[in-house]
Amino acid sequence: MPKALVLGGGGVAGIAWELGVLDALAIAGVDLTTADRIVGTSAGSAVGAQLCTGESLDSLCARQLVPAEQSAELQVESSLDSLIEQFAACFDGAPDALEVRRRLGAVALGAPTVEEAARIAVIESRLSSHEWSERELLVTAVDAFTGEFRVFDKNSGVPLVSAVTASCAVPGIWPPVTIGDTRFMDGGVNSGSNADLAEGCEIVVIIAPFAGGFGPTVEVEAEALRSTGAIVEVIAADVGATEAFGTNVLDPATRAPSLREGRRQGALEAQRIAKVWQ
């Protein structure tokens with residue numbers, strides 16, 4: 001009975017929260033890291049790649065508690081509200097989702113950001129191994145020029161670090177990542193979780209810091225999977241977790257409180273998730 005773990009986007013706050021959820025579930029005897037397929041989008045791609053390195057959840061969580069000034073994480077001034085306002089303009093008069101993604105790509109390509117190399121170094125610091133494992137990990141991204149959706153895996157011929165950096169390249173904040181003859185941006189531009197990539201698995205757990213975002217909502221994607229016969233459970237950030245995220249989910253200072261809230265929420269969800277996973 002193939003199982004899938006879908007990890008959505010949510011900045012560094014989302015990474016910490018997802019790891020906290022997974023850690024609390026594992027402590028309760030529900031180990032989602034054993035999934036046959038892991039789908040990672042944006043923050044979720046970093047978590048998915050971390051899980052596939054074999055590094056323990058305990059170690060991954062401990063790294064979230066390292067003070068920002070002692071980590072490789074970059075500080076960026078941004079608020080969720082300002083990002084939403086900037087992105088909303090890309091929808092005005094757009095004939096379809098592809099055109100919206102093209103416009104977001106133009107924002108990404110034209111924005112002043114840190115150099116690609118500096119951003120890649122951050123992602124390298126998050127992963128204890130920079131090679132694809134034999135596990136099925138799907139990393140999502142979007143071509144910044146064409147708006148086309150792309151999924152990277154161990155057979156894509158793309159370095160793991162490049163794939164994850166691309167998936168985490170928030171338009172207007174982080175630079176699109178050069179892969180081949182084009183550049184890629186955040187997979188969340190297509191969908192907050194891209195849960196449809198779990199199709200074919202009989203049991204799916206979606207862990208999503210945000211239930212909405214670009215494309216279909218997490219619940220819409222969950223219902224689509226259920227219509228195929230899959231058993232699907234969703235864990236989305238609750239009020240307490242959202243408060244821990246604050247107004248800037250990219251701020252490294254949000255990691256510790258988000259980890260704490262993830263652990264709290266994971267413990268609350270353990271019994272429900274255990275019914276389907278075990």
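Modeller: Terms first: buried means under 20% relative accessible area, exposed means over 50%, and partly exposed is what falls in between (1.4 Å probe, protein chains only). This is a predicted model, so local features need pLDDT of at least 70 and side-chain atom pairs count only at pLDDT 80 or more, while totals for chains, interfaces and linings use all residues. Residues are numbered from 1 along each chain as its sequence is written, and side-chain values use heavy atoms, with hydrogens and water left out.

Colleague: Why is Arg263 called partly exposed?

Modeller: Its relative accessible area is 31%. That value falls between the 20% and 50% limits, so the label is partly exposed.

Colleague: What makes the pair Asp23 and Arg263 a salt bridge?

Modeller: The term needs a side-chain nitrogen of Lys or Arg within 4 Å of a carboxyl oxygen of Asp or Glu. Here the closest N and O atoms are 3.0 Å apart. The pair therefore qualifies. Asp23 sits in helix α1 and Arg263 in helix α10, so the bridge ties together parts 240 residues apart in sequence. Helices here are DSSP runs of H or I with at least four residues, strands are runs of E with at least two, and both are numbered from the N terminus.

Colleague: Buried or exposed: which is Asp23?

Modeller: Buried, with a relative accessible area of 8%.

Colleague: How many salt bridges does a search of the whole structure find?

Modeller: The search finds 15.

Colleague: Why is Gln265 called buried?

Modeller: Its relative accessibility is 3%, so it counts as buried. Gln265 lies in α10 (residues 255–277). Contact means heavy atoms within 4.5 Å. Leaving aside neighbours within four places in sequence, Gln265 has contacts that include Trp17, Ile235 and Asp238.

Colleague: What makes Pro175 buried?

Modeller: A relative accessibility of 4%. Pro175 is in the loop between α7 (160–167) and β5 (177–179). Beyond four places in sequence, Pro175 touches several residues, among them Thr113, Glu116 and Arg183.

Colleague: How do you know that β1 pairs with β7?

Modeller: Pairing requires at least two DSSP bridges between two strands. Five bridges join β1 to β7, and the strands run parallel. Val6 stands opposite Ile206 in β7. Four bridges join β1 to β2 (residues 37–40), also parallel. There, Leu7 has Gly40 as its bridge partner.

Colleague: Why is β1 called mostly covered?

Modeller: Five of its five residues (3–7) are buried. Lys3, Leu5 and Leu7 point one way, and Ala4 and Val6 the other.

Colleague: Why are the buried residues of α8 said to share a side?

Modeller: In α8 (residues 218–226), Val218, Glu221, Ala222 and Leu225 are buried. They cover an arc of only 100 degrees around the axis, which puts them on the same side of α8. The arc is taken over directions from the helix axis to the C-beta atoms. The buried residues of α8 pack against β7 (203–208) and β8 (231–236).

Colleague: What makes a set of residues a nonpolar core?

Modeller: Its members are buried Ala, Val, Leu, Ile, Met, Phe, Trp, Tyr or Cys, joined through side-chain atoms within 4.5 Å. The largest such core has 70 residues, and Leu5, Phe152 and Ile207 are among those with the most contacts inside it. Helix α1 (residues 11–27) gives the most to this core, with eight residues. A second, separate core has 17 residues, including Ala222 and Leu225.
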